[in-house]
Amino acid sequence: MRFSVREIRRRAAVSGAHGTVRRLAPVGFAVALVLVQIAYPLTSGDARDRVTVAVVLLSAGTALAHATATRGIRYAAGVLVVVSGLGLAAEVVGTATGVPFGCYDYAVDRLGPALSGVPLVVPLAWTGGLYPIWVVAGLLSRRALSRIGLTAVGAVGWDLFLDPQMVADGQWTWCDTDSGLPGLPEIPVTNYLGWFTVALLMGTLLTVLDRAVPASVGLDIPPNPSAGLDKVSAISVPVAVFLWTWLGSALAHAVFLGLPISACYGGVGLAVLGLPLLRHLRFSRPRPERAG
């Protein structure tokens, strides 16, 4: 089949437009995510529940849009299946048996449709929260085992923000409210051990996915530090979301939500990845060439 020059140019223009939309979609989702999260402390009751659902959907949308833009639709689908699928399984088993997180129950009819007592937005929250941690862990380590471990540590750091915030809002409650960390007795330590275990398994399966679905646009994760920000910029959206989650959540918990203890725990927990990330970005910045 032969095409005219005009037809070839038209197809190239359409392809270019689609590529531009695909590259800008993660940015659009991320901006909307930040704006909706800013609205969270300003709401209450049913309005806050709707904001919570919107935050989950936008965080998952940001993650999947970025995965699609940088690695292709097959990779994004794989991320969704691995993270949300395993997250849903862990939550269903967890609410039914208390393993691996401990005994807990979700509030009824607050976050939309549920399966076996687990709101269906919850597994999407796993994808939206874990994906930027996974990307950042890949920036910090080229070794698979180290990246998996960092992902698990980061997931626990994120949950040190998430669980206190959602428990304070009444989205779920624990059977054991006296076995938590100092200052957070209402959330048992078993919860964080469960998060670490589930995130380890997620990281392991994502490693398999990374090897099974090669990058479709030449994205190297983790990038070669000598390549400068041309590579780092390709993952700027999940990096920005990670930094916003870390620093923005610490500020929100300390100032707007009345949760200073979780602000400290979560801030320190995500700093395990956040501080090395800031150092990495600093030294990855291309240096100006000296004249002469």
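Predicted model: local features only at pLDDT ≥ 70, side-chain atom pairs only at ≥ 80, totals over all residues.
Residues are numbered from 1 along each chain as its sequence is written, and side-chain values use heavy atoms, with hydrogens and water left out.

The secondary structure comes to nine helices and six strands; helices (H or I, at least four residues) and strands (E, at least two) are DSSP runs, numbered from the N terminus. Of the 292 residues in the chain, 47% are buried, where buried means under 20% relative accessible area, exposed over 50%, and partly exposed in between (1.4 Å probe, protein chains only). Contact here means heavy atoms within 4.5 Å. Among contacts between residues at least 6 apart in sequence, 73% join residues at least 24 apart.

F242 counts as buried, at 2% relative accessibility. Leaving aside residues up to four places away in sequence, F242 touches P132, I133, V136, L270, L273, G274 and L277. The C-alpha atoms of F242 and W134 are separated by 9.9 Å, although the two residues are 108 apart along the chain.

The helices themselves can be considered next. Two packed helices are described by the angle between their axes and the distance between the axes. For helix α4 (residues 121-140) and helix α8 (residues 236-256), the axes come within 8 Å and cross at roughly 110°. Axes are lines fitted to C-alpha atoms, for helices over the stretch in contact, and angles run from 0 to 180 degrees between N-to-C directions. That makes α4 roughly perpendicular to α8; angles under 35 degrees count as roughly parallel, over 145 as roughly antiparallel, 65 to 115 as roughly perpendicular and the rest as oblique. On the α4 side the contact is made by Y131, P132, I133, V135, V136 and L139, and on the α8 side by P238, V239, V241 and F242. These residues divide into 10 nonpolar, no polar and no charged. In this scheme Ala, Val, Leu, Ile, Met, Phe, Trp, Tyr, Cys and Pro count as nonpolar, Asp, Glu, Lys and Arg as charged, and the others, Gly among them, as polar.

Helix α8 also holds H253, which is buried with a relative accessible area of 1%. Beyond residues up to four places away in sequence, H253 touches F161, Q165, G258, L259, P260, S262 and A263.

Helix α3 (residues 73-97) has 25 residues, which at 1.5 Å a residue should span 36 Å; its end C-alpha atoms are 35 Å apart, which agrees. The expected span is 1.5 Å times one less than the number of residues. Among the buried residues of α3 are Y75, G78, S84 and E91, and the buried residues of this helix pack against α2 (45-71), β1 (104-106), β3 (118-119), α4 and α6 (189-212). Just after α3, G98 takes a positive phi of about 85°. For α6, the 24 residues should span 34 Å, and the end C-alpha atoms, 35 Å apart, agree with this. The buried residues of α6 include N191, W195, M202 and D210.

In helix α2 lies T52, buried with a relative accessible area of 8%. T52 touches Y40, L111, M166 and Q171, not counting residues up to four places away in sequence.
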